[in-house]
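Here are a few friendly notes to read alongside the structure. Take them one at a time, and find each feature in the viewer as you go.

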Amino acid sequence: MATLDDLKKRIASVKSTQKITKAMKMVAAAKLRRAQENAEKGRPYSEKMNNIILNLSNGISDKENAPKLLSGTGQEKVHLCIVLTSDRGLCGGFNTNIIKKAKAYFQKISNEGKTLKIITVGSKGYDQLKRAHKNDIVERISFKDSKTINYLDAEKVGKMIIENFEKEEFDVCTIFYNKFKNVITQIPQEQQIIPLKTSEVEENSSEDNYEFEPDEDEILSNLLPKNISTQIFKAMLENSASEQGSRMSAMDNATRNAGEMVDKLTIEYNRSRQAAITKELIEIISGAESL
Amino acid sequence: MSEEFKVEILNPERSFLVKEDVSEVVVPAFEGEMGILKDHISIILFLKPGIIKILSKSGDENFYVEDGIVEFKNNNLSILTSSIFNLNDFDKTKQQELLKQAEEEASKPEINDQSKYLVDQKIDVLKSIN
């Protein structure tokens, strides 16, 4: 049995852990609010962008010569997967959920006999994938240095994807990230960005007759690369909100668990203290009786 | 009847500017500058580097943009751009910095004609701002 001193030390250490998790929870809550605000602020841009692209792609008369970013390369041999994760740990199942989703997709790809290429954004994703998919990872990116999510970072990733696409390194591109639903729930998402899927939003597009300058094809071929960056940026924003939300609830749980542990240890401490006192009393009494 | 319409400038990060009482907007469209008034036909434009002029009751404003897309529909003008600066707080150092970037880009050997044209435009515009 643990001595009184040991118990005392354990209680103290659990209490200080609890202080840390509590502080982390508060920080995550504050960061979450900001991340959520950012995600909301970024929404109009990506929505508008989507709308314009939709209008344009509906208006394209010559489907055969449509930009490859929209129509695809005509084959589906090489799949590029962009896995967006966080740079920091201690955020519950956040990274694991993305990785799980991504791994299921990787499995599907390799079962179909297609080639897989992976780009990891965020160091945690790389850490978790390097064991099983070391040879598939073509690039690892981390934005540890930039304090806030900014568009330039997303643009860098976007440009890299476009460059690789133009070199015909891959045919299909999918991104994996967590969509922020609320503090408790984040849903891992897979979203295909090349070739662009427009079917999901089709029903709410009204038939607008636009004039274009320059013509549709030219705008579209300029716009699609931008859209890639925008989509990645959107995913990054969602991801950062999800990360903070996930961390907040994980730390909340940890704080509560630590509290429970402190209670339990305190009871044990009191019991063994009481036991020691009783033992001493018995010794004194029986000592007195024997005289 | 009022001759005003709404203009909205959107950044990827946030909405940059919303103005309800705009009478005219001049944008540097790809094929030349273009003034947009109320009840213009629905249009989508691609921008080249240049100056956006927004004329409104509450005062005129000028912005420098590097790229972007403009959509006009039902008297709503949306400008999507990732790089926009208000000329009022556009100082010399910022201008020099952008100019240097542009010149570096222009001197790259592998640049294609279209981006060369755009970069040259950018340099011209930046030099004209003073």
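Predicted model: local features only at pLDDT ≥ 70, side-chain atom pairs only at ≥ 80, totals over all residues.

1. Strand β4 (residues 172–180) and strand β5 (residues 186–194) of chain A run antiparallel and are joined by eight bridges. Together β4(A) and β5(A) make a hairpin, with five residues between them. To find one of the bridges, look for A:F180, whose partner in β5(A) is A:Q186.

2. Next, turn to two helices of chain A. Helix α5 (residues 151–166) packs against α6(A) at an angle of about 130°, and their axes are 8 Å apart. Angles over 145 degrees would count as roughly antiparallel and 65 to 115 as roughly perpendicular, so α5(A) and α6(A) are oblique to each other. The crossing of α5(A) past α6(A) is right-handed. Among the residues making the contact are A:Y151, A:A154 and A:I161 of α5(A), and A:P225, A:I228 and A:F233 of α6(A). By type, the residues of this contact are 10 nonpolar, two polar and one charged.

3. Now look at where the chains meet. Here, 21 residues of chain A are in contact with 21 residues of chain B. On the chain A side, the elements giving two or more residues are α1 (4–59), β6 (211–213) and α6 (216–290). The most come from α1(A), which gives seven residues. This side of chain A divides into 11 nonpolar, five polar and five charged residues.

4. Finally, which strand of chain B pairs with β6(A)? That strand is β4 (residues 43–47) of chain B, which pairs with β6(A) in the parallel sense over three bridges. One bridge to look for links A:F212 with B:I44 in β4(B).

Notes:
Residues numbered from 1 in each chain as written. Chains lettered and ligands numbered in written order. Contact = placed C-beta atoms within 7 Å. Helix = DSSP H or I, 4+ residues; strand = E, 2+ residues; numbered from the N terminus. Nonpolar A, V, L, I, M, F, W, Y, C, P; charged D, E, K, R; others polar. Pairing = 2+ DSSP bridges. Axes fitted to C-alpha atoms, helices over the stretch in contact; angles between N-to-C directions. Parallel < 35°, antiparallel > 145°, perpendicular 65-115°, else oblique. Left-handed = near helix turned anticlockwise from the far one by under 90°.
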